[in-house]
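Welcome, and please take a moment to look over the sequence and the structure. The report below walks through them step by step.

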Amino acid sequence: MTFIYLFLALGLAVGLNHPAWAWRVLAQLGAAAALGMMAWSIWLTNGDGTFAARAADDVRPLLLNIMAVIAVLAVLLLLALLPAQWRRYAEPVPDWNQRQRWGQIARILHWTSAVLMLAALPMGLFVTVLRPSPERTDFLAAHIGIGVAVLFLLLLRWAAQRASPGPASPNAAAKLNKLALYLALATLPVSGLLLAGATGWSVLGLHLPEALPMPPARALHIWLSGLFAAAFAAHAGAVVWHHFALRDRQLIRRMLR
């Protein structure tokens, strides 16, 4: 299952930055379909008794339903923006970064990581409410595999930016947000590996030693997940505000055709 998510993320990252409008439209539809499937899966869980079996003070079902609502809103936004794709001319993008915009390599790495994290976050919360089953085991293995892939992609992004620095952050708030995102992307997978070692789950077929007891390992993973969610929400909110409210079309075009 991990490789399915990897191929999906890479395909969407390449398609969203493809020079041909047909590929961008296809990728946008693919992103909408993936978000719709996630929302539908959560909605089905509301009716099969999984959420009802949780304690009344358990906030995880509520958080998952909020994620489902956000996913539906994102689907509607992606569909509403479809006509703009075949009316818009996409300028050529070089492979490496420039001072005013990110290159194709950085864009693909960025969007691949983003898609993987958007899958891993609800998936990680989802497995904690599922009953023990083969399905839960598959989701957990995919969640761990995605975390390892995100850590590897972060190293590639760091190397690519060292080779060709991209645009600087427009202000102090954006710089702080970028730092928080990178910090979460670097430490969240590591905390997941610590949790896997504490619980005995294998990582790519390997059993890691217990470097940290389970309670602090779990608390660290949850706290860092919250940090990433908050930083990602701030990042996405700032982009939407600049693009739609301030009519700053160039900000998003630095990372998306």
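## Starting at proline 122

Leaving out residues up to four places away in sequence, proline 122 touches Met38, Leu64, Met67 and Met117, where contact means heavy atoms within 4.5 Å. Proline 122 sits in helix H5; helices here are DSSP runs of H or I with at least four residues, strands are runs of E with at least two, and both are numbered from the N terminus. Its relative accessibility is 7%, so proline 122 counts as buried. The cut-offs behind that word are under 20% relative accessible area for buried, over 50% for exposed, and partly exposed in between, with a 1.4 Å probe and protein chains only. From proline 122 to asparagine 17 there are 105 residues in sequence and 25 Å in space, C-alpha to C-alpha.

A word on where these values come from: this is a predicted model, in which local features need pLDDT of at least 70 and side-chain atom pairs count only at pLDDT 80 or more, while totals for chains, interfaces and linings use all residues. Residues are numbered from 1 along each chain as its sequence is written, and side-chain values use heavy atoms, with hydrogens and water left out.

## The chain as a whole

Stepping back, the chain contains nine helices and two strands. Along the sequence they follow the pattern α-α-α-α-α-α-α-β-β-α-α. The radius of gyration is 19 Å, close to the 18 Å that the globule rule gives for 257 residues, so the chain is as compact as a globular protein of that length. That radius is taken over C-alpha atoms, and the rule is 2.2 Å times the number of residues to the power 0.38. The C-alpha trace spans about 50 × 40 × 35 Å along its principal axes.

Of the 257 residues in the chain, 36% are buried. Among contacts between residues at least 6 apart in sequence, 72% join residues at least 24 apart. The chain exposes about 14500 Å², and carbon and sulfur atoms supply 73% of that area; accessible areas come from the Shrake-Rupley method with a 1.4 Å probe, and for residues only the protein chains shown count as cover.

## The nonpolar core

Which residues touch the most other members of the largest nonpolar core? They are Leu64, Leu116 and Phe228, in a core of 43 residues. Such a core is a set of buried Ala, Val, Leu, Ile, Met, Phe, Trp, Tyr and Cys residues joined through side-chain atoms within 4.5 Å. Two or more residues each come from helices H1 (2-16), H2 (21-47), H3 (60-80), H5 (104-127), H6 (134-163), H7 (172-199) and H8 (214-245). The largest share, ten residues, belongs to H6. In soluble globular proteins, nonpolar side chains tend to be buried together.

Leucine 116 is in contact with Tyr5, Leu6, Ala9, Ile146, Ala149, Val150 and Leu153, leaving aside neighbours within four places in sequence.

Serine 225 has its place in helix H8 and, at 18% relative accessibility, counts as buried. Beyond residues up to four places away in sequence, serine 225 touches Leu121 and Leu188.

Serine 164 is found in the loop between H6 and H7. With 9% relative accessibility, serine 164 counts as buried, and it touches Trp96 and Asn97, not counting residues up to four places away in sequence.

## Salt bridges and a surface patch

The structure holds two salt bridges, each defined as a side-chain nitrogen of Lys or Arg within 4 Å of a carboxyl oxygen of Asp or Glu. One joins the side chains of aspartate 58 and arginine 54 (3.2 Å, N to O). In the other, arginine 60 pairs with aspartate 58, the closest N and O atoms being 2.7 Å apart. Aspartate 58 is buried at 16% relative accessible area, whereas arginine 54 is partly exposed at 27% and arginine 60 is partly exposed at 22%.

On the surface, Val59, Leu62, Leu63, Ile66 and Ile70 form a nonpolar patch with about 460 Å² of accessible area together. Patches are made of residues with over 30% relative accessible area and no salt bridge, with like charges joined within 9 Å and nonpolar side chains (Val, Leu, Ile, Met, Phe, Trp, Tyr) within 5 Å. Isoleucine 66, one of these residues, lies in helix H3 and is partly exposed, with a relative accessible area of 41%.
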